[in-house]
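Keep the viewer open as you read.

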Amino acid sequence: MKISRVVEEGCSQVPVIDISALVSRKGDRLKVSSQIGQACRQAGFFYIVGHAVDEGLQQRLEQLSRQFFAQDLETKLEIRMALGGKAWRGYFPVGDELTSGKPDLKEGIYFGAELPADHPLVKAQTPMHGSNLFPSNIPSFQETVVEYMEAMTQLGHTLMAGIALSLGLEESYFVERYTSNPLTLFRIFNYPPDLSPTEGENRWGVGEHTDYGVLTILKQDDSGGLEVKSKSGWIAAPPIPGSFVCNIGDMLDRMTGGLYRSTPHRVQNVSGRDRLSFPFFFDPNFDVEVQPIPLNGVVIDDDREERWDGASVHEFRGTYGDYVLSKVSKVFPELRRTVL
């Protein structure tokens, strides 16, 4: 399927929202939340500007990430995921991560909230909880990643307050029920250029998928390649300087009865050079059971027949931990066999 390039002067059909009023808690926050609500209903994706995340921090993160991926494979494998155990952290090489059973054309590093060995969830050997693996040969890499994750966590809480307001709820709705101790997952991905394209078959950096939780906040470099599924077909979500791309996940789809739909997206790197992306997943507490929000006039709209995986997020029963483990175990089947 060829992408429909609906792009004019660096923008796409994905709306751009200035969230400075939410960040500063000054100005018309209800107007901003209304714009977010409209974007969640119509696109499931939106850019944010006015987020106040330090530009210098972002630049350091990108520079250090390029330095890491420029190393030889043997050096990168010194922090391979197999060494991360149940914490599900570390580096994976190109082709090790699967989407719908097909290898992605990307390599990456998995991070999460840094938890000490005596933390109750770590002592209980809870999957996806523990300490991170960092390269020892790149000074300030660890400090930069940790600082960035802290900034993203704060931004996630701010955006979820705006999403709550957009639904006519108290701004504390999500933090009181689902995100007081959010499962925060951070990825740094490198998409190498596809130097040997297969004739007649698209090869994807990551294939069509939806995200699992409530909110993704994505920093991308200037290479482009992100594509979002719209009612009119696939559209580009090109990089816009100073912005992040946000999209909602399956659990917010479930909570809102499909009013806010988790939108399929994919990546194809056609830039001819390496492409970096930095998705941060702000998700519900691991042990919480996600329930529908009582919204007046909203009837559950289940799109399982149209979804990329044929699954229903509305029929799922269990905790968010159950849901996310069922998904990531398909992404890394070898890790599932040895760790879970």
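## Strand β7 and its neighbours

Strand β6 (residues 107-112) pairs with β7 in the antiparallel sense, over 6 bridges. Strands and helices here are DSSP runs (E, at least two residues, for strands; H or I, at least four, for helices), numbered from the N terminus, and two strands pair if DSSP finds at least two bridges between them. This is a predicted model, where local features need pLDDT of at least 70, side-chain atom pairs count only at pLDDT 80 or more, and totals for chains, interfaces and linings use all residues. Residues are numbered from 1 along each chain as its sequence is written, and side-chain values use heavy atoms, with hydrogens and water left out.

How many of the residues of β7 (residues 183-191) are buried? It's 9 of the 9, so the strand is largely enclosed by the rest of the structure. Buried means under 20% relative accessible area, exposed over 50%, and partly exposed in between (1.4 Å probe, protein chains only). Both faces are covered: L183, L185, R187, F189 and Y191 are buried on one side, and T184, F186, I188 and N190 on the other.

## The sheet and its helices

Zoom out and you get an open sheet of 8 strands with mixed pairing, in the order β1-β2-β12-β9-β14-β7-β6-β3. At the edges stand β1 (16-18) and β3 (90-92), each with a single partner strand, so one side of each has no neighbour in the sheet. From one strand to the next, the twist averages 25 degrees.

Helix α2 (residues 29-42) packs on the sheet, touching β1, β2 (45-49) and β12 (244-248), and its direction makes about 160 degrees with that of β1. Helix α3 (residues 55-69) packs on the sheet too, touching β3, β6, β7, β9 (215-220), β12 and β14; its direction makes about 120 degrees with that of β14. For these angles, axes are lines fitted to C-alpha atoms (for helices, over the stretch in contact), and angles run from 0 to 180 degrees between N-to-C directions. Contact means heavy atoms within 4.5 Å.

## The nonpolar core

The largest nonpolar core has 91 residues, and F141, F174 and F186 have the most contacts inside it. Such a core is a set of buried Ala, Val, Leu, Ile, Met, Phe, Trp, Tyr and Cys residues joined through side-chain atoms within 4.5 Å. Its largest share, 10 residues, comes from α6.

Leaving aside residues up to four places away in sequence, F141 touches L64, S65, F68, I109, F111, F134, P135 and I188.

## Two loop residues to look at

A52 sits in the loop between β2 and α3. Its phi is near 70 degrees, a positive value in a residue other than glycine, and A52 is exposed at 66% relative accessible area.

Q125 lies in the loop between α5 (120-123) and α6 (141-166). Its phi is positive as well, near 55 degrees, and Q125 counts as exposed at 53% relative accessibility.

## The whole protein

In total there are 10 helices and 14 strands. Buried residues make up 55% of the 340 residues. The C-alpha trace spans about 55 × 50 × 40 Å along its principal axes.
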